[in-house]
Amino acid sequence: MRRASNFFDRNAKWLFPLPAMLAIMVLIVGPVLANFAISMQSWFIGLPPSFVGLQNFGDALADRRFWNGVRNTFYFTLLAVPIQLVLGLGIAILFNREFPGKGFVRTIILLPMVATPVAIALIWALMFNPSLGVLNYFLESLGLPRSLWVASADLVIPSLVLVDVWQWTPMVALILLAALAGIPGEFYEAARIDGATGFQAFRFITLPSIRSAIIVALILRSIDALKTFDIIYVITAGGPGTASETLNVFAFKTGFEFFRAGYSASLLIFLMFLVLGIAIMLNLIRSGRR
Amino acid sequence: MSRPAATTGARGSERRPVRDPALRTKRLRQLGTYLLMAIVLIIMLFPFYWMILTSLRSQVANTSPVPVWFFEPTFENYRNVIRENDFLDYTWNSFVVAALSTGFGLVLGLPAAYSIARFKQNGLALAILIARLTPYITYLVPWYLAFRALGLVDTYLALTLTHLIVGMPLIIWIMISFFEEVPIELEEAAYVDGASKLGTFFRVVLPLSAPGTVAAAILAFIFSWNQFLFSLVLSGPNTRPVPVAVFNFISYGQIDFGGLGAAAVLITLPVVLLTLVIQRWIVTGLTMGAVKG
């Protein structure tokens, strides 16, 4: 027993993380490598695969539905993330003060991001309903025309962005709120004595102080927005037609509705490099700024 | 005698803003701020409020072209969902998978997180971050093919293993910051007393990090409970968890608004209750440690 424990102590450095490393190898690294092999097969699930080399990748690049997916993925992300950053900053500044019930309010802010995405998607789907949904009732009450929301090919992505903004702006706000709380009050005191206006204080004290937090929020949100699945699949399943079919949803349908495992794997490799590439790029921007 | 006078003075200065324009502007601005805060909170809460209203309304009231705001609440929808849709079975499936994947996540993740914190294994931390950044769907095609070949689709094992991909990195990431805060002197004292590294980990480090472990476990549980993508493909009639069951609910054509509302409330309720327990750690978990709670 003593000997065993000595052996463990000498090798603790790699024995402690060993089980998790094995799990990561089997659960994560293995499947990613397998994806490369699968992507080189023509493989209908249930039938034997046959090797086709890089043909699936060539097919993807020539597939209009692939490019539609790329376009929708970027459209969704580029619309959602900036709105979330601006609103999140506004909300963070608004709530960065002492007021009664602050702890309770913090809990409320957490709810949209922890609630089960499927439940959220269902409720928004009911609210979007063009004839019975409550959102059209609000529009009419304000004297505005009714909208088709997710039933319209033109409005479906902005409508889904609305859900994503509702769900994730609170996280941006909380990240920035934590950063705002870290700015020493004396900074503003000094600025006031020097006769700075409120806008100047914001521009020259607040923004520079929380810039790294803003970039963290930008990175986290961009990566997750590129991968959004639950909300889109439950509310529209990529429809109407393919108007809201992101790369993620297209790859899912290819694999699990059309059962083309090889083609799906090649799409997923594109998606993986897209997400990781953007993550690395944003991280470089972040360290460059420092 | 001087105290009542002081009180009167304070009250007097409180009343003065009506005449003092500067103070009056300040009051108005404060009122505006609170109003704006209230609007933000109402927008955040509205979908939940609507979810609850929908769940308590009859189908007739739910399909009225003008929303019915006041009505006699009915629990009919809840009764239907629970009785006619095997909701309790799905809840049990969700619970089993969440509990198993959280348990395995702790067993594998706690020593790894300790090791990363104590031996500064940043490469390993980076590997876990990359695993978190990679789209989950990337793992799904190989997983499905493998489980299908092994006859493991629609088993708790398949769901637990895939949910582990979600939970374990979360646990590791949260626990790194907890373990970093354990004073190294305590561990060294234990070594001097002849304790082994493993013994020190179990008897000194873990007890000190108990609150963090609970937070990490609850967060992993919530994420497994909420997981949709893996369960959608890998579950079946024997293991279907609640989110997939509720999703199938809408695929069957006719929309039962009240039933959907009731199901949505029932899935969300446990998550909300757990959130109240660990709210401090949610943002840390969601941001992979970018924000400390």
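Read along its sequence, chain B runs α-α-α-α-α-α-α-α-α-α-α-α-α-α. In other words, chain B has 14 helices and zero strands. Keep in mind as we go that this is a predicted model.

Let's stay with chain B for its overall form. Its C-alpha atoms fill a box of roughly 80 × 70 × 30 Å along the principal axes. The radius of gyration of chain B is 26 Å, whereas a compact globule of 293 residues would have one near 19 Å. Of the 293 residues in chain B, 44% are buried. If you take the contacts in chain B with a separation of 6 or more, 76% of them join residues 24 or more positions apart.

You will find B:Thr155 in the loop between helix 7 (137-149) and helix 8 (156-180) of chain B. B:Thr155 has 17 C-beta neighbours inside 10 Å, so it counts as partly exposed. From B:Thr155 to B:Gly261 there are 106 residues in sequence, and their C-alpha atoms are 29 Å apart in space.

Now turn to chain A. Here there are 15 helices and two strands. The C-alpha atoms of chain A fill a box of roughly 75 × 75 × 40 Å, again along the principal axes. A compact globule of 290 residues would have a radius of gyration near 19 Å, but the value for chain A is 24 Å. Buried residues account for 41% of the 290 residues in chain A. Among contacts in chain A with a separation of 6 or more, 69% are between residues 24 or more positions apart.

Two packed helices are described by the angle between their axes and the distance between the axes. For helix 5 (residues 64-95) and helix 9 (residues 156-181) of chain A, the axes come within 6 Å and cross at roughly 40°. Because of that angle, helix 5 of chain A is oblique to helix 9 of chain A. The contact between these helices has 23 nonpolar, four polar and one charged residues. As for its hand, the crossing of helix 5 of chain A with helix 9 of chain A is right-handed.

Finally, how do the two chains meet? Their contact takes 72 residues from chain A and 72 residues from chain B. On the side of chain A that touches chain B, helix 3 (residues 18-38) of chain A gives the most, with eleven residues. That side of chain A divides into 59 nonpolar, eight polar and five charged residues.

Note on methods
Residues numbered from 1 in each chain as written. Chains lettered and ligands numbered in written order. Predicted model: local features only at pLDDT ≥ 70, side-chain atom pairs only at ≥ 80, totals over all residues. Contact = placed C-beta atoms within 7 Å. Helix = DSSP H or I, 4+ residues; strand = E, 2+ residues; numbered from the N terminus. Nonpolar A, V, L, I, M, F, W, Y, C, P; charged D, E, K, R; others polar. Axes fitted to C-alpha atoms, helices over the stretch in contact; angles between N-to-C directions. Parallel < 35°, antiparallel > 145°, perpendicular 65-115°, else oblique. Left-handed = near helix turned anticlockwise from the far one by under 90°. Buried ≥ 20, exposed ≤ 12 C-beta atoms within 10 Å, placed from the backbone. Rg over C-alpha atoms; globule rule 2.2 N^0.38 Å.
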